[in-house]
Amino acid sequence: MDASSRVNRKKNYSYAMPRHSIQAVVFLCIISTAGMGFPLLLDWVEPYGIFARGVRVIFRPLYAGFIALWNLSAKALGLYGPAPVVLEHDLPVVIVSAVLFTAIAVTAFFKGRLYCRSLCPAGTLLELVASRPVFGIRIDQACTKCRACEKACPASCIDAGKAAIDSGRCILCLSCTGVCPAASIGYGRPTPQRQSSGMPLDRRNFLAIAGFAALGALVPAAIKKIVSLQNNAGRVTLSGISRTLALAPGAVSLERYARFCTACGLCVSRCPTGVLRHLNPGIGKLPGSFGGGQPFLDYSRAYCTYDCVACSRVCPTGSLLRLTPEAKRTTALGESRFERSRCIVITNGTSCGACAEHCPTGAVTMRMLEQGKPTEPFLENDLCVGCGACEKVCPSLPLKAIWVAGLPRHRAARLPSGGTTDAASGGFGF
């Protein structure tokens, strides 16, 4: 069986004309919108974010099941197992992430790198850089034009009829070199006459690209202006309470975070408590966006551990600046608010103090405001770092008596003069 027959039994790709006009329009629209602080297009087209979200919603449940079985076995043996895995449970995020990941995976299986050479902004940039390589795949004069190399190329960049290679799209996978029956294709200095042009741009293509680029710059700018005028931009409703969005440590501000975050979700997957979750239009949105899935702190379901900086350590875009545990302890992500009329000390006349007991900085203390009455919570917001521990343990229902609102811009908090409480080391009672 010859090499050509072996290729046909496996994959049968064919040369595809470059889509430079489409690539240029998509790339310019993404860059222009992201540069204006409107990263919605980049959030859902950027390949690394699609991969990270897809793996988390499709494969992470399998890992969670493995950890659960491990913990059951450890419990039966009287041992301690690893912490349970927090899963993504926002249905819109799960659906969109799974659909995008599956669509690209299926397309890659049947059509090779169709997404990479048509829509992917990273693929466009890499193609532009690689269009004039010093070394690459070359086809010699001995080529018999049997098309074995063309059928084996997942990038669809080999035109066997012309014995030419589009070097910009070539990923040097070397699939072609092993199937050539004449050994006429290999690695070396590309032969100019046998190398396809990088990105041809005639007058018609130039005018089309320029027109679409102008629209790509003007339309998102207008949409951003409209969205920014909405009253609920930068706000979210949690546990029935409307509040400013709270962002992970290192975000610095709402405005900066909206410009750089691509919603890849790596911080969500690494968060040990599950306080980080993705935004969706039904919850709220960042200023200037439609709620493209950027993570935020959801104090209604968890808290931000006082010493934890895991999210800032894994952020690939710089939207979360890398913090040390020491810097994290004095970074205020939000501030606590106390509604006295909801507190069970006032409504039921019973002693509580759960919020003060679990505050890692001492920002919440219990003080007797009336002689003979139970002590009540007292806030010192210059000590508050917005961790959300007080809101998590507050027993007041249906609305919490103490809750945390995010800060539009993070600020420095005062370090407790007498050291931190036991809760600061993770000793929360829940």
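Is Glu335 buried or exposed? At 14% relative accessibility, Glu335 counts as buried, where buried means under 20% relative accessible area, exposed means over 50%, and partly exposed lies in between (1.4 Å probe, protein chains only). The legends below take this predicted model view by view; local features need pLDDT of at least 70, side-chain atom pairs count only at pLDDT 80 or more, and totals for chains, interfaces and linings use all residues. Residues are numbered from 1 along each chain as its sequence is written, and side-chain values use heavy atoms, with hydrogens and water left out.

**View 1. The protein as a whole.** Let's start with the overall picture. The secondary structure comes to 16 helices and twelve strands; these are DSSP runs numbered from the N terminus, with helices being H or I of at least four residues and strands being E of at least two. Of the 430 residues, 47% count as buried. Among contacts with a separation of 6 or more, 74% come from residues 24 or more positions apart, a contact being heavy atoms within 4.5 Å.

**View 2. Helix α4 meets helix α6.** The axes of α4 (residues 47–58) and α6 (residues 91–111) come within 8 Å and cross at roughly 110 degrees. Axes here are lines fitted to C-alpha atoms, for helices over the stretch in contact, and angles run from 0 to 180 degrees between N-to-C directions. The two helices are therefore roughly perpendicular to each other, a label for angles of 65 to 115 degrees (under 35 is roughly parallel, over 145 roughly antiparallel, and the rest oblique). On the α4 side, the residues making the contact include Ile50, Phe51 and Arg53; on the α6 side, they include Val94, Leu100 and Phe101. By class, this contact has ten nonpolar, three polar and one charged residues. Nonpolar covers Ala, Val, Leu, Ile, Met, Phe, Trp, Tyr, Cys and Pro; charged covers Asp, Glu, Lys and Arg; the others, Gly among them, are polar.

**View 3. Arg411 and Glu335 join two strands.** Here a salt bridge (a side-chain nitrogen of Lys or Arg within 4 Å of a carboxyl oxygen of Asp or Glu) links Arg411 with Glu335, the closest N and O atoms being 2.8 Å apart. Arg411 lies in strand β12 (residues 402–412) and Glu335 in strand β9 (residues 331–338), so the pair ties together parts that are 76 residues apart in sequence. Arg411 is partly exposed, at 36% relative accessible area.

**View 4. Glu376 reaches Arg340.** The side chains of Glu376 and Arg340 form a salt bridge (2.8 Å, N to O). Glu376 belongs to strand β11 (residues 376–379) and Arg340 to the loop between β9 and α14 (344–347), so the pair ties together parts 36 residues apart in sequence. Glu376 is buried, with a relative accessible area of 5%, while Arg340 is partly exposed at 37%.

View 5. Arg147 and Glu150 meet through their side chains in a salt bridge (2.6 Å, N to O). Glu150 is buried at 3% relative accessible area, and Arg147 is partly exposed at 37%. Elsewhere, Arg367, Glu380, Asp382 and Arg414 are linked in a network of salt bridges. A search of the whole structure finds twelve salt bridges.

**View 6. Leu383 and its surroundings.** Leu383 sits in the loop between β11 and α16 (389–393) and counts as buried, at 6% relative accessibility. Not counting residues up to four places away in sequence, Leu383 touches Thr361, Gly362, Ala363, Ala413, Arg414, Leu415 and Pro416. The C-alpha atoms of Leu383 and Ala412, 29 residues apart along the chain, are separated by 9.2 Å.
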